[in-house]
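Please look over the sequence and the model shown here before reading on. The briefing that follows is grouped by topic.

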Amino acid sequence: MSTIVATQTPEARSSTGFRVAMLLPGALVTFLLILFALGLVLFLAFRNNDGSLLGTGFSLANFATVLSDPLYWTVTMRSLVIAALVTLATVVTAYPVAYYLAFHAGRRRGLLLFLVTLPFWTSYLLRVFAWKIVLAYNGVLNSALIESGIWSEPTLAFLNTPAAVVVTLAHAYAPFAILPIYVALDTIPKSLIEAASDLGARPFTSFRRVVLPNSMPGVLAAALVVFVPTVGDYVTPALVGGPASTMIGTLIQAEFGKANDWPFGAALAVAVMLVILAVVLVARFTDRRFGSRT
Amino acid sequence: MNIAHTQGGGRWLGVYVIAYLVFLYLPVLLIPLFSFNNSIQAAFPLQGFTLQWYATLYGNSVLSGALVNSLVIAAIAATGATLCGITVSYMDLYGRSPLAATISAVARLPILIPGVIVGISLLILINLIGLGPSRIAIVLGHILVALPTTVVIMRSRFAAIPKTIREAALDLGASDWTTFRRVMLPLSLPAIVSAFMLAFLISFDEFIVVFFLAGTEPTLPLYIWSQLRFPKSLPTVMALGTSILAVSFVIAAIAEILRHRGLSAAAPRPADPSQPKQTKRGELQWHST
C-alpha cells in the first residue's frame, strides 16, 4: 500500500462492496422477518376471514368484536392484571438482590451475577413444569404440608388458579429483572452517595432521595422486560392456570390453531401490541421525569 | 456514611440474597430429584433411588429424532443469529449510516414483542412465501428470537475495543474487509463464541415460537410438551429434563466464562483509582468486571 492512502480519512475509503455485504444479512432479517412480518399481521387484522391465507375485503369487524365482546375485555384485563402483578413481584424482589450486587457483594459479585443469570439459559418449559410438580394435587407442596401435619388432606386450591400463574411467571422471569436494575445501580457515581452522607443524610434518606431516583431507569427497563413476555404468555396459563386464567396469548394461539380465524387472531395481536405500546410510552414518560441517564 | 450500619444492612441483605437464590433454584432442582425417585408420582416422601426413568430414554426413536432435529436447528440458527449479530453491531458502531443504526434498533425490537406475536407473524410470512411450517421456518424464527442477545453481546464487545486499534489498521493501509477480518474479528473471538453458545441455548430451549412453525418433525421442547399431557410419562420427562438442564448449565457456564475472559483480556479498562472498593475485611479492591 502506498503512503498516499494514509493521508485519507478511514471513512473515505469505505468500499461499497464491504458495506453492502455487511449490511445485507441484518437488513434481510430486520426488514423481512421483523418489519414485513409485523406488517402482515396488521394487514390481516383488517381483513375478513374466508379461509384463505390473507382473507378478503377490508373491514373493521374484527376490531369491533374485540371492543364489544365482554369476553375479550375480561381476558385482556386479566392478562394485564396478571402481567402487572408479575412485574411488580419480580421488580420488588429483584431490587434488593441488585442492590446487594452493586454495593455489598465485593469479590463474590462475579459468582453471584453468574448464579442469578444461569436459570435464564435453562428451559422455560421445564421451569414452568417444575411448578406443576410443586402445586399439583398430589404434588410437593401438598405432600409436604400433610407430612408436617399442617394439613390433613390434599387441597386443590393451589393448581389451576390465577395465583399459580402469577407465582410461576414471577419465578420464570425473575432473572430478567435483576440485570437492568444492577446496571443502573452500579453506574450511580459513588461520590453522589458520599456527598449525601457528608451533608448529613442518614442511610435511609440517602437511599430514598439519591439511590432510588437514580436507579429508576433500570427499574423501568426491568419492568418492561418482564411485562412484555408475560402479557402474551400462553404456556403458563395452559400448564398451571386452568380455565379460570385464560390469557390473551391463549386466545391468539387458539385463533391461529383450533378456531382457525387468522384475521381475528391478528386483530387480537394488534390490540396487544397497542397495549404494550401504551405501556412503553408511559415508561418512557416516567423515565424522562426521573431524568434518564441512558 | 455510617459504616457499622451499612455493614449490618449488608448482612441482612446477604441473607435475603441467599433466600432469593433458594427460591430461584429449588423448584428447578425438584426435577433432577424426582427423576431418580422410584415412583410415578412426584410427591414426598421419596420412594427410593432408581435409574429406570433414564433407561426409558434410550431406544426411543421419536425422542432421538427430536433431539437431532433440535441440535441441527440450534446449530444453524445460532450461526445465522451470530453472523447477523456481528454484522449488525459492527455496522451500527462503525458504518456511520442511518440505515445501519435503524437495522441495529429494529434487530433489538423483538425484546418488546411477545413470543406469541413473533410466532403468528412468521407463520403468516412463511405461508405467504410458500415455505409452510418446516425446519427452515423454525430456523428463521430462532434467528429472530436470538438476534437481540447476539446484537447486545457483540455490540458491547466491539464498543470495548479501543478505537485506536481499528484506526491504526486503516491508517496502515488495511482495507475495510482486512481490518474487519484480521483485526476486529480475532479481537472479539471470545464474544463471538459466547454469542453463538447463548444463541444455541435459546434456540435449543425455545418453545413459544416453535409451536407455530413446526411441521411434522418436532423439536425437543415440542416433544416434551406433547408428553406433559400423559401423567404416566412424567418421570421420563423429568429424566429428559434433568439431562437437558445439566447440558444447558455447562454450556451457559462456558459461555459466561468466555465472555468475561474476552472482556477483561482484550480491553484492559483502566481501573478508577479514585474509587477503590472497601470490602468487608477491609482490603482495597478494584473491580475490572
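## Briefing on the two-chain model

In chain A, 70% of the contacts between residues at least 6 apart in sequence join residues at least 24 apart, where two residues are in contact if their C-beta atoms, placed from the backbone, lie within 7 Å. This is a predicted model, in which local features need pLDDT of at least 70 and side-chain atom pairs count only at pLDDT 80 or more, whereas totals for chains, interfaces and linings use all residues. Residues are numbered from 1 along each chain as its sequence is written, while chains are lettered from A and ligands numbered from 1 in the order in which they are written.

**Confidence**

- The predictor gives the complex an ipTM of 0.85 together with a pTM of 0.83.
- Chain B has a mean pLDDT of 82, with 87% of its residues at 70 or more; pLDDT is the predictor's confidence in each residue, from 0 to 100.
- Over residues 1-5 of chain B pLDDT stays under 50, and the model has five contacts beyond four places in sequence for them.
- Over residues 266-289 of chain B pLDDT likewise stays under 50, and here the model has 28 contacts beyond four places in sequence.

**Chain A overall**

- Chain A has 14 helices and zero strands, with helices (H or I, at least four residues) and strands (E, at least two) taken as DSSP runs and numbered from the N terminus.
- The radius of gyration of chain A is 25 Å, whereas a compact globule of 294 residues would have a value near 19 Å; the radius is taken over C-alpha atoms, and the globule rule is 2.2 Å times the number of residues to the power 0.38.
- The C-alpha trace of chain A spans about 75 × 60 × 35 Å along its principal axes.
- Of the 294 residues of chain A, 43% count as buried, a residue being buried if 20 or more other C-beta atoms lie within 10 Å of its own, exposed if 12 or fewer, and partly exposed in between, with C-beta atoms placed from the backbone.

**Chain B overall**

- Of the 289 residues of chain B, 43% count as buried.
- Among contacts in chain B with a separation of 6 or more, 75% are accounted for by residues 24 or more positions apart.

**Contact between the chains**

- Chain A contributes 82 residues to the contact and chain B contributes 85 residues.
- On the side of chain A that touches chain B, helix H2 (residues 16-45) of chain A gives the most, with 18 residues.
- That side of chain A divides into 56 nonpolar, 19 polar and seven charged residues, where Ala, Val, Leu, Ile, Met, Phe, Trp, Tyr, Cys and Pro count as nonpolar, Asp, Glu, Lys and Arg as charged, and the others, Gly among them, as polar.

**Buried residues and packing**

- The largest nonpolar core has 168 residues, of which A:Val41, A:Ala98, A:Ile181 and B:Leu122 touch the most other members; such a core is a set of buried Ala, Val, Leu, Ile, Met, Phe, Trp, Tyr and Cys residues joined through C-beta atoms within 7 Å.
- Leaving aside neighbours within four places in sequence, A:Ala98 is in contact with A:Ile178, A:Ile181, A:Tyr182 and A:Leu185.
- In helix H4 (residues 98-107) of chain B, the buried residues are B:Ala100, B:Ile103, B:Ser104, B:Val106 and B:Ala107. They lie on the same side of H4(B) because they cover an arc of only 165° around the axis, the arc being that of the directions from the helix axis to the C-beta atoms.
- The buried residues of H4(B) pack against H2 of chain A as well as helix H3 (61-94) and helix H6 (135-160) of chain B.
- B:Leu198, in helix H9 (residues 189-205) of chain B, is buried, with 24 other C-beta atoms within 10 Å.
- Not counting residues up to four places away in sequence, B:Leu198 touches A:Trp121, B:Thr149 and B:Ala255, and its C-alpha atom is separated by 6.8 Å from that of B:Ala252, 54 residues apart along the chain.

**Positive phi in loops**

- A:Asn260, a residue other than glycine, has a positive phi near 55° and lies in the loop between helix H13 (248-255) and helix H14 (262-289) of chain A. A:Asn260 is exposed, with 12 other C-beta atoms within 10 Å.
- B:Arg96, although not a glycine, has a positive phi of about 50° and is found in the loop between H3 and H4 of chain B. B:Arg96 counts as exposed, with 12 C-beta neighbours inside 10 Å.
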